[in-house]
Every structure is written in structure tokens, then in C-alpha cells.
Amino acid sequence: MNPLAIAALPAACVLGSVAAQGQGPPSAPVVVASKPFGESYLLAELFAQLLESRGIAVERRPGLGATEVAFGALRTDAIDVYPEYTGTGLLAILHDPLDASMRGDARRTFAHVARECEERHGVRWLPPLGFQNGYAIAVRRDTATALQLRTLSDLARAAASLTAGFTSDFIGRSDGLPGLSREYGLALRDVRPLAPAVKYTALAERAVDVIDGYSTDGLLARFDLVTLVDDHHFFPPYEAAAVVSPRLSRTRPDAIATLTLLSSRLDEARMRTCNRRIEVDGAPIAAVAADVLHDLGLVRAVDAAARETPPARSGLLAFLWSRRTQTAWLALHHLALVLAALAAAVLVALPLGLLLERARRGAGSVIGALGLLQTIPSIALLAFMIPVLGIGVRPAFVALWLYALYPIARNTYTGVRDADIDAVAACEAMGATARQRLFWVRLPLAAPVIMAGVRTAAVISVGAATLAAFIGAGGLGEPIVTGLALADSRLVLAGAIPAALLALLVDGALAFVERAVAPAHLRASDGAGDRR
Amino acid sequence: MSLALQVEDVHHAYRGVPALTGVSLHVPAGAVVALVGESGSGKTTLLRCFNRLVDPDRGTVRVGDRDARTFDPVQLRRRIGYVPQNGGLLPHWTVRRNVALVPRLTGAPDAEMAADAALGHVGLAPDRFGDRLPRELSGGQRQRAALARAFAARQQLILLDEAFGALDAISRGEAHEAFERVRREIGFTAVLVTHDLAEAARLADRTAVMRAGAIEQVGTVAELRAAAATPYVRMLFERAQAASAALGAP
């Protein structure tokens, strides 16, 4: 196959899938999404299986990164439904204060959030699912007994002798530790920032005495912890509910009716058990969801595939081997996305670099602006694009393309500018036109520098493309995002190892190209340099 | 076959800094004229007027019987050979391809044959040196290849800008021999910028001493030595003689 065809193939794949994302027919599948943490995956899977059991086609987009991404996608009809919490809706989406009338009143909070989201964003909250998953300040049972702790007011009284381990998110948010300290006059002996994954272990092993958790965390049950009552109602209620897109509420009453079947059917005890099965026992989410729907009498026949017993926690290599087909497809998808974005970036950045070199004036500021683009965190850039490009491959492609522009344009500019000045000047003096000087001298001499820029861009893109999973673009980021959410390091490695190998592979392949395009005098192959 | 060159009352300034202040010079067809003088005296600017790398602010430049401004610069340059100080060979091209540059630019069908012939004239056997890259030649060989490139398309004028200045004495001698041989066998008009009065004496028919953008005196080296018109010309010769006396020359 000729090189052009090889280059065109992945581009065609990606463009194909981009095209496939366009507006579908009215009976398009309902896009069910989640945020990247265990309970959100489970609720989304419940929505999906319930819809499927009623014959409604579903497309799953699990693990959309953070509230801004998921809600942004919902608001713009890029997804149709995902599980959200009223407290998050109030503080992170509406940016409204928790006023006195809502304190400790889940009904009023829900009413306020549902009304405002509908008015401001056209997004509808379906009736709550029946449980809350709010902040839970937890202590060991022995601490609670010894110090007679039942409420947060009790905690404030005993705080001087206690060390807390809080997530940095909680330490920083005004509705987290700062507000809590003000409300209760809480002055702990020490506060240590802890990663979410280790805080329960740290508490159980007595490294800290108090942690922040969520009321449905599976680990609260496992470690026999006591959650303290928020007697001042400082924390807003975090009632879970399905939120649906404007498109879905307008056009799919059948889907809305089906989703509403789950309202008031899930309680905290059940969620805690389910979360524990997923986060602690490593049970497949689909199986847990199927069990829940069966228990609630919402589906009759349980899907055989979902019933499959969870695989015993085997070794990493065996796990990776068992996923090989899936990994290969993800890697191929990943590679296609990266190569297509890279090819598009070369098509733009190479002429741009040449143009800048001709103009010179303003070149610095254009290159600087492209460099500035590079400093935008990938996840923020991806989030910006959702309103315009929706979610999936399209915004990921554009983001990767933007990132790849800078190294290629910069290296083209400097490579062509700095190409052997004497040789270029001599050619001009002998009557070579600007075009001949460019194609005969400057571009060939700059080729290795330009290729080095392409290589840099490629390696950056392979890495950045893993983040594209947060906006549903698939690829090797998919197992990474899921693994992070479920604290499953094997799953993280199932994405991270192939992604690292892919980066090495792409870099190696482009190094080969770089050697092939190097001008004759820089190829040290024949040792002819010693001939005199 | 060769063309005469002439500049009349040429003035030029770079961003207000004068480089040439009323220079007139005649180079007869077939003659070699050397421009000597210190750095910044305007000799390279004057050289670059002939192939329109510089278009002077004032005055006329004539190539043959035409005003240089009536030529298309690219076409004009293809008719004028050019040898810069460090050769300016394209590092990624073989010597043969380098020498064939101008024949290729003009679309000559036998560019490589012309290159081989030119290489022969400067004493670089084409079958031995033609396929090498510039980095595989010595400095002297590179300058001879650059000289071959300057006349491979049968250019009738050659401009040399410090072409042999950076070479050791032996390589320079070989390059001088090559220059004289080519002049004998093919014939051309040449303007030669140099720091070196000995080189001017050996290669040029007449020498123009330049200082601060103007010509102080023009003549054969013998005439200049015998009757220096200005203190600067006299000093130039005194210093050059002191330098050769230091070598123990008779």
C-alpha cells in the first residue's frame, strides 16, 4: 500500500465516525451518560438497562469528565440523560446560595433547582430517585463512643484533640471545610489533604480521626464508621435524580415515562450495598444494575450476559490478556484519532510556518498565541468545545488539532528561517527564485527540524487523546477514566500501558521518517565523510 | 564574448547610513578588477550592485551596453557568476549537482555535462569529485567547486566576494591557479573583492582602493605602489610590505 493510502485510512475512519455523529432521525438512540465515579456509572447503567428493557435504543457515554462537561453536553442535547444531585445543581450548576428556606429541606431544594434549571437551561429534573448522597463527615466507631460524638456540633466540641484527613477539593470549597468551620466553630488539631482513594484506609489505620466521605460510599459500611449528623443543616441536600436534555423532554415522552419508573425506588442502604459491590468487590456494573432492576420488579428476565459472575481478581498480565481484543480496538481508535488530527495539523501548520517565515513581522506573536493555546488544560479546552461541537470524536479531534499546531508551526518557522544562510544567499545571487530557494534548499534543509516538531506533536497527542475519553471520544482513555472512577488500578493500567506503548511506537515510526527525510549530508550512513 | 561593466556616480545608503558616496568605475570587457579596502569601505555593496542584489539609490550601473535596471534581476543573476567567501554550496547536494545549479535554473538540457566540464577546468576530476558532498571536500576544493559553479553556464561575468580569503596559503595558491587557468581557457570579466593586495596583484589587471564608500585610487598594483594618490593608499602598501617582510621575504 502506498504511504498516502496508509495515511488516509485512519483519517477516513475518524471522519466517518464524525459524520456518523451528525443529527440522526427522530428515533435516534437515547444517549445515556454519567460522570466519572462509581455511583454515577451505576445509575446511568440502571437508566440504560431500563430503557432497553422497554425496547428503547440506547447509546452509552459513561464517564464524562466533571459536572461542567456532563451538564454542558446535556444542555446542548449532545447527551440525553445523566444522574445528577440537587446540591451539585444548586452550587456548581446554578451557582445559587443555599438560603435559609432550603436548609435541611430536600423538597424545597429540589423544587428550586428543578425550576431554575428548566428556566435557565431548558433542562428537566425527573422526580428524585429516593436517596441522598451528600457529604458525610465520618469517624471510627470507637472514637464516636469514647467522645460521645453523634452530631457535627459534638465534633466541634471535641475537635481540638482530632486530626482530619480531607480531600483537597473539600478543603478548598467554600461549601466545604471553610464554611463548615465557620458554621460550627470547628477548630481541628490538624487537617491533612488526602487522596479520595486512601482516606478510608487512613481512617481505619488511625492515621487520621475524621474524614469527609459521601453518604452512600460502600466503604462506610465496610469499615464500620459512624457518620455525624449535620444538625445545623450546613450541607445542602444531595438528592439524586435523572436530568434530561431539552430534546428528550420535547420528543420522547416514552423515554421520560420509563425513566420515571425509578423515582423514589432507590434508598441509601441499597445504594451503599451496590456501591460496595462495585468499588470493593469489583463486580461488573452491568451485573449490579441488572440485579437492582430485577429486585425492584422493573425487569423480568435478567440478561444472561449481565448475570455473568465477576472474574476472580486475577494477575495484571492475565487481566490485560483477557482484554486484548478490546484493547486492540481502543488502540486502533486512539491511533486513528491522533493520526487524523496530526495530518490535519500538518496541513495547516506547515503552510502557516512558511507564511510566518515570509512575513517575519508578527510571526512572534502568532507563534506565541499558538503556544498560549498549549497552556490551556486539555480538559478545559475539551469542555469549551461541547457547546459548539457536542461530545465525542468531533471536539476531541479539534482539540488535538489545536494542540498539534504549535510544535509543527514553530519548528517549520525556525527550521526554514535558520536553514544554511550562506547556501540560500548564494542561490539567490545565482538567480534562483524565492520558490526554488524554498523547495530546493530551505525545505530540504529544514526537514529534520520540521519532522521533530511533528514527532513532538504526535507524542503530545497520544497522551492528550486519553483525556478525550472524558468527553466520550473513546480510545485508550476509556479504561483509564473508568478505572480511576472505580479505584481499579488494573483497569487504569489496561489503558495507560497500551497508551504509553502507542506513544513509543508512534515516536519510533516518526523517528524513522525523520531519518528518511534528512538531507544527504546529515545522513551518517556511508561513512563517506572521511573521504578526501 | 565578455561584457564590460560600468558604474557612474553611484550613491547608496542602508537606513540612512551611507555605504557608497559617488563611486564611478569602469571594468573593460575581459578585464579583472580587484576592489580592496577595509571592512565597511563599501566594496561588497559595490559588487552587489552589478547583479542587482543592491539597487543603488542614485547613479547608473551598466552591464554590457544596458542599464542594469532594464534587466529582470533573476535573469540578470543567471548570467553572472558569483563566488561567496565560504563557497555557499548546498550541503545536501553532490558537487556535480551544485555546479549544475545555474544550467538547471536556465533549463539547459545538458546541465550535468556542463558541470563536469567546469569541474575539469578548476582541476577537480568529475569522476572522482562529482558524486561527493561538499563536506567531503577540503576548503580549497570547495572554493574551486564554487568557482566552477560560477561559470558552468558560460557566464560572461563573475563576481567574487572574498572568495579565497579564508584559505590557507597552499589551498589559496591552488585556487588562484584554477582562476587563472579558467580565465585563460574560457575568458570572462571579473570583479574581485579582497583584503589581500598580493591576491589583487596576482589576479587583477587593475585594482581600486576603496575607503568610506568612495574610491581613493585606481591603477595596477605597481602604479599604486609607485605613486600613491592618498595617505591611505600609501599606508595600505606600507603595512602590506611590513607583513611580507616579517616572513623574511627578500
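This is a predicted model: local features need pLDDT of at least 70, side-chain atom pairs count only at pLDDT 80 or more; totals for chains, interfaces and linings use all residues.
Residues are numbered from 1 along each chain as its sequence is written, while chains are lettered from A and ligands numbered from 1 in the order in which they are written.

**Confidence.** Chain B averages a pLDDT of 90. In chain B, 98% of the residues score at least 70. For the complex, the predictor gives an ipTM of 0.89 and a pTM of 0.70.

**Where the chains meet.** Contact joins 21 residues of chain B to 20 residues of chain A. Two residues are in contact if their C-beta atoms, placed from the backbone, lie within 7 Å. On the chain B side, helix H2 (73-78) and helix H4 (101-105) of chain B are the elements that give two or more residues. That side divides into 11 nonpolar, five polar and five charged residues. Ala, Val, Leu, Ile, Met, Phe, Trp, Tyr, Cys and Pro count as nonpolar; Asp, Glu, Lys and Arg count as charged; the others, Gly among them, count as polar.

**Two sheets.** Two strands pair if DSSP finds at least two bridges between them.

| Chain | Strand order | Pairing |
|---|---|---|
| B | S2-S1-S4-S5, four strands, open | antiparallel |
| A | S7-S6-S8-S5-S9, five strands, open | mixed |

In chain B, strand S2 (17-27) and strand S5 (66-67) stand at the edges. Each has a single partner strand, so one side of each is left without a neighbour in the sheet. Strand S1 (residues 5-14) of chain B pairs with S2(B) over eight bridges. B:His11 has B:Thr21 as its bridge partner in S2(B). Helix H1 (residues 43-50) of chain B packs on the sheet and touches S1, S2 and strand S4 (58-63) of chain B. The direction of H1 makes about 120° with that of S1(B). Axes are lines fitted to C-alpha atoms, for helices over the stretch in contact, and angles run from 0 to 180 degrees between N-to-C directions.

In chain A, the edge strands are S7 (190-193) and S9 (225-227), each with a single partner strand. Twist in this sheet averages 35° from one strand to the next. Strand S6 (residues 163-166) of chain A and S7(A) run parallel over four bridges. A:Gly165 stands opposite A:Arg192 in S7(A).

Key. pLDDT is the predictor's confidence in each residue, from 0 to 100.
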